[in-house]
Amino acid sequence: LVWAKANLCDRPVDLNRAGRAGLLRVPGIGPQTAGAIIAARRLGRLRDLALPKKLRLQVHRASPYILLDGRRPAQQLSFVSL
């Protein structure tokens, strides 16, 4: 997570183009999820978070570091109590 915050915030990983090694650098993507993403790309482009959720992608951890169809996915901001 520390490495991702330092390196992936400015250059997020595109789920439609990244190789297996690139996908594994994203927090929330493990070996099984990376394989499932690569298999799903063969069926078509990943354009929204509906399919990655089905692939067991931990969206809350991965969304700051990924691109879907060249764009950052919409994410729900968390409420911080002061």
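User: Which residues touch the most other members in the largest nonpolar core?
Analyst: Leu-15, Leu-23, Val-26, Ile-29, Ile-37 and Leu-57, out of 20 residues in that core. A nonpolar core here is a set of buried Ala, Val, Leu, Ile, Met, Phe, Trp, Tyr and Cys residues joined through side-chain atoms within 4.5 Å. Buried means under 20% relative accessible area, exposed over 50%, and partly exposed in between, with a 1.4 Å probe and protein chains only.

User: Which helix gives the most to this core?
Analyst: H3, with four residues. Helix H3 (31–41) and helix H5 (59–62) each supply at least two. Helices (H or I, at least four residues) and strands (E, at least two) are DSSP runs, numbered from the N terminus.

User: Before I go on, what kind of model is this?
Analyst: It's a predicted model: local features need pLDDT of at least 70, side-chain atom pairs count only at pLDDT 80 or more, and totals for chains, interfaces and linings use all residues. Residues are numbered from 1 along each chain as its sequence is written, and side-chain values use heavy atoms, with hydrogens and water left out.

User: And where is confidence lowest and highest among the helices?
Analyst: Helix H4 (residues 50–54) is lowest, at a mean of 64, and helix H2 (residues 20–24) is highest, at 92. Those are pLDDT values, the predictor's confidence in each residue from 0 to 100. A contact means heavy atoms within 4.5 Å. Where pLDDT is low, the predicted coordinates should not be read in detail.

User: Back to H3. Which of its residues are buried?
Analyst: Thr-33, Ala-34, Ile-37, Ile-38 and Ala-40. They sit on the same side of H3, because they cover an arc of only 165 degrees around the axis. That arc is taken over the directions from the helix axis to the C-beta atoms.

User: What's exposed on the face turned away from that buried side?
Analyst: Pro-31 and Gln-32.

User: New topic: Asn-16, buried or exposed?
Analyst: Asn-16 counts as buried because its relative accessibility is 13%. Its place is in the loop between strand E1 (13–14) and H2.

User: What does the side chain of Asn-16 reach?
Analyst: The backbone nitrogen of Leu-46, at 2.7 Å. Not counting residues up to four places away in sequence, Asn-16 touches Arg-41, Arg-45, Leu-46, Leu-68 and Asp-69.

User: How many helices and strands are in the chain?
Analyst: Five helices and two strands, running α-β-α-α-α-α-β from the N terminus on.

Conventions
A polar contact is a pair of N or O atoms within 3.5 Å; within protein, one must be able to donate a hydrogen and the other to accept it, and residues adjacent in sequence count only if both atoms are side-chain atoms.
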